[in-house]
Structures are given as structure tokens and as C-alpha cells.
Amino acid sequence: DGQTRLYVNTGAEMGVSEPDIVGTIMGETGLPRKVVGAVDIRERHLFVDVASEHANSIISKLNRTQIKGRSAKVKVA
């Protein structure tokens, strides 16, 4: 379906919400909202589906940023 699921090392326990992760991806990459699909937030991590064609650039940009004051660690789930 053209989507790649990414693992991110922040979750509900750190106060991260869906708008936080979507906004971070859009802000760091300049990509439009439609690139980001479903967001599944768990207690200590989250999963986010992104357009496969942009997955590698999203991973590399997010791994150099912070989400809610924590260094993000992002990889393919």
C-alpha cells in the first residue's frame, strides 16, 4: 500500500500526542500531511506509517531532532 511503518522511541508516557509526531515529521522534512498515515501511540514508544518513498529521509531527519525534549530514535518497525 506504499506505506512503511516506523518505530519511534517516545510514547504516551512522555506526553507525545499524534499532532506532536505529525507536526515534527512535517516540520523537519517539509513534506505534506498526506505523507503521514496512521499513528499508533503506546506507553513508551509509537509507530507511524509514512509514504515508503520518503521513509529513509524521514528516518534520517528525525534521528537528528528532538520530540518533547527527548532525542528521537527512529527506525523501520
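Reader: How many helices and strands does the secondary structure of the protein chain come to?
Author: The protein chain has 2 helices and 6 strands; helices (H or I, at least four residues) and strands (E, at least two) are DSSP runs, numbered from the N terminus. Along the sequence they follow the pattern β-α-β-β-α-β-β-β. Please keep in mind that this is a predicted model, where local features need pLDDT of at least 70, side-chain atom pairs count only at pLDDT 80 or more, and totals for chains, interfaces and linings use all residues. Residues are numbered from 1 along each chain as its sequence is written, and side-chain values use heavy atoms, with hydrogens and water left out.

Reader: Why is Thr24 called buried?
Author: Buried means under 20% relative accessible area, exposed over 50%, and partly exposed in between (1.4 Å probe, protein chains only). Thr24 has 15% relative accessibility, so Thr24 counts as buried. Thr24 sits in helix α1 (residues 18-29). Leaving aside neighbours within four places in sequence, Thr24 is in contact with Leu62, Thr65 and Ile67, contact being heavy atoms within 4.5 Å. For the protein chain as a whole, 39% of the 77 residues count as buried.

Reader: Which strands pair with β1, and how do you know?
Author: Two strands pair if DSSP finds at least two bridges between them. With strand β3 (residues 46-51), β1 has 6 bridges in the antiparallel sense, and Arg5 stands opposite Asp49 there. With strand β6 (residues 74-76), β1 has 3 bridges, also antiparallel, and Tyr7 stands opposite Lys75.

Reader: Why does the radius of gyration agree with a compact globule?
Author: The radius is taken over C-alpha atoms, and the globule rule is 2.2 Å times the number of residues to the power 0.38. With 77 residues, a compact globule would come near 11 Å, and the protein chain has 11 Å, so the two agree. The C-alpha atoms fill a box of roughly 30 × 20 × 20 Å along the principal axes.

Reader: What share of contacts between residues at least 6 apart in sequence joins residues at least 24 apart?
Author: In the protein chain that share is 69%.
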